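Student: Please take me through this structure one question at a time, with the criterion behind each term. I would like each answer to finish on what was asked.

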Amino acid sequence: MEKEKKGVRLEHISKIYQDPKTGKDFYAVKDTDLVIEPGSFVTLLGPSGCGKTTTLRMIAGFESPDEGEIYLGDEPINALTPDKRDTAMVFQSYALLPHYNVFDNVAYGLKLRKVPKDEIKERVTRILKLVELEGMEGRMTNQLSGGQQQRVAIARTLAPKPQVLFMDEPLSNLDAKLRSEMRTELKRLHSDSNSTFVYVTHDQLEAMTLATKICLMEKGVLQQYDPPLTVYSQPANRFVADFVGNPTMNFIDAKVTDSSTVEFLGINARFTPNDPKQTINASEVILGIRPEFFTIRDGGKIKATAYSTLPSGMETTVKVKLADELVSSVVFGAIDYRVDQPIECDIIGDQICIFDKETTKRVSIGKLEVL
Ligand code: ATP
């Protein structure tokens, strides 16, 4: 019988370290509340040093929190060592046993748990099929490619059916093509397994494509915890908006002249919030426009010139010059504009963000119509 899926809950979790240079204490993770739903795939995302690994290591039991409590299902687990948590970790280095073949590497955890021989054979065979390594049971690990070794490492961790599987940048040693293939495999593995996945990465594309929910952190503080598309289209603040999306969002200083008129780069536009009850109280704001919403089309009301054209195959990133500022636009297909060629642009869609310039929080989202 399959075990009931369990999630993880963090309540007011903090970790304090001492800065080796100054000797002063600082919060590597500060007052974090997080509910990781059973069976979900959560990515901990953020720039280097933001506290992702520390958070993961606390959930896995390799570090203990200085404040707060962690629960696995309903059970408080702060006091439990990693081996008592029914969780497992895939290490970046794979940590395979070099003198064992593929089968024995995957069977290792099951043997330790004294699982009967027949069941070990059945479970290892099934899991090797899942990671597409059937027929390779007898190979030694040094006879495998990087991607195959990584799949053995994942199979070995999944074999004992842990409630929660932790991964800390597991694909960082692989080349770009293999990384992309492994992302597909990981997503499939997650839906086939009964485990909750918690995955550390600083790569926003990896987080966007894999996660059911992204936990985006900066300087030890949780910035937003939402499904990837919500993080992308409704960022909580300017930091989140800037970290997610490639090419990055355009940020343009603007003034709100009355509650619905916005002035920027010599342009006046009417802003209509998606939520009619929402009013913007700040006068100095930052407009956030994703490049796909700054479109180039004949007859567009914004007159600009082409600054650079970067085709990447399926799409082209065009930087346009507008009142001495550069604004990015993404156009489907391959297009080549002459440098300084006049072009006409428009702002489309209902996901134009307005951030308060002082607090950098998003204060509204809606449509922007150039007047
Ligand atoms: P990266 O992507 O570079 O791995 P991260 O987001 O995973 O970064 P953490 O490894 O969690 O970041 O580190 C968070 C902060 O805590 C960093 O400033 C780091 O230098 C610091 N830190 C981590 N471990 C210790 C330690 N044992 N003692 C002191 N400071 C530490």
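Student: Is Leu-110 buried or exposed?
Tutor: Leu-110 is found in helix H2, where helices (H or I, at least four residues) and strands (E, at least two) are DSSP runs numbered from the N terminus. This is a predicted model, in which local features need pLDDT of at least 70 and side-chain atom pairs count only at pLDDT 80 or more, while totals for chains, interfaces and linings use all residues. Residues are numbered from 1 along each chain as its sequence is written. Because 21 other C-beta atoms lie within 10 Å of its own, and 20 or more make a residue buried, 12 or fewer exposed and anything in between partly exposed, with C-beta atoms placed from the backbone, Leu-110 is buried.

Student: Which residues is Leu-110 in contact with, leaving aside its neighbours within four places in sequence?
Tutor: Contact here requires that the C-beta atoms of two residues, placed from the backbone, lie within 7 Å. For comparison with a C-alpha separation, Leu-110 and Val-124 are 14 residues apart along the chain and 9.1 Å apart by their C-alpha atoms. With neighbours within four places set aside, the contacts of Leu-110 are Val-115, Ile-120, Arg-123, Ala-159 and Pro-160.

Student: How are H2 and H4 oriented towards each other?
Tutor: The axes, which are lines fitted to C-alpha atoms (for helices over the stretch in contact, with angles from 0 to 180 degrees between N-to-C directions), come within 7 Å for helix H2 (residues 102-112) and H4 and cross at roughly 30 degrees. The meeting residues are Val-102, Asn-105, Val-106, Tyr-108 and Gly-109 in H2 and Val-152, Ala-155 and Arg-156 in H4. Angles under 35 degrees count as roughly parallel, over 145 as roughly antiparallel, 65 to 115 as roughly perpendicular and the rest as oblique, and H2 and H4 are therefore roughly parallel.

Student: Which residues of H5 make the contact with H4?
Tutor: The axes of helix H4 (residues 146-158) and helix H5 (residues 176-192) come within 11 Å and cross at roughly 20 degrees, and these two helices are therefore roughly parallel to each other. On the H4 side the contact is made by Gly-146, Gly-147, Gln-150, Arg-151 and Ile-154. On the H5 side, the residues are Leu-178, Glu-181, Met-182, Glu-185 and Leu-189.

Student: Which residue in E9 is the bridge partner of Leu-44?
Tutor: Strand E3 (residues 41-45) is mostly covered, 5 of its 5 residues being buried, with Phe-41, Thr-43 and Leu-45 pointing one way and Val-42 and Leu-44 the other. Two strands are taken to pair if DSSP finds at least two bridges between them, and E3 is joined in parallel to strand E8 (residues 196-201) by 5 bridges, where Val-42 has Val-198 as its partner. E3 also pairs in the parallel sense with strand E9 (residues 213-218), over 4 bridges. In that strand, the bridge partner of Leu-44 is Cys-215.

Student: Which residue in E2 stands opposite Ile-16?
Tutor: An open sheet of 4 strands has the order E2-E1-E4-E5 with antiparallel pairing, and its edge strands, each pairing on one side only, are E2 (25-36) and E5 (75-76). Strand E1 (residues 8-18) is joined to E2 by 8 bridges in the antiparallel sense. Across this pairing, the residue of E2 opposite Ile-16 is Tyr-27.

Student: What is the phi of Thr-360?
Tutor: Thr-360 sits in the loop between strand E20 (352-356) and strand E21 (362-370), and with 16 C-beta neighbours inside 10 Å it counts as partly exposed. Thr-360 is not a glycine, yet its phi is positive, at about 65 degrees.
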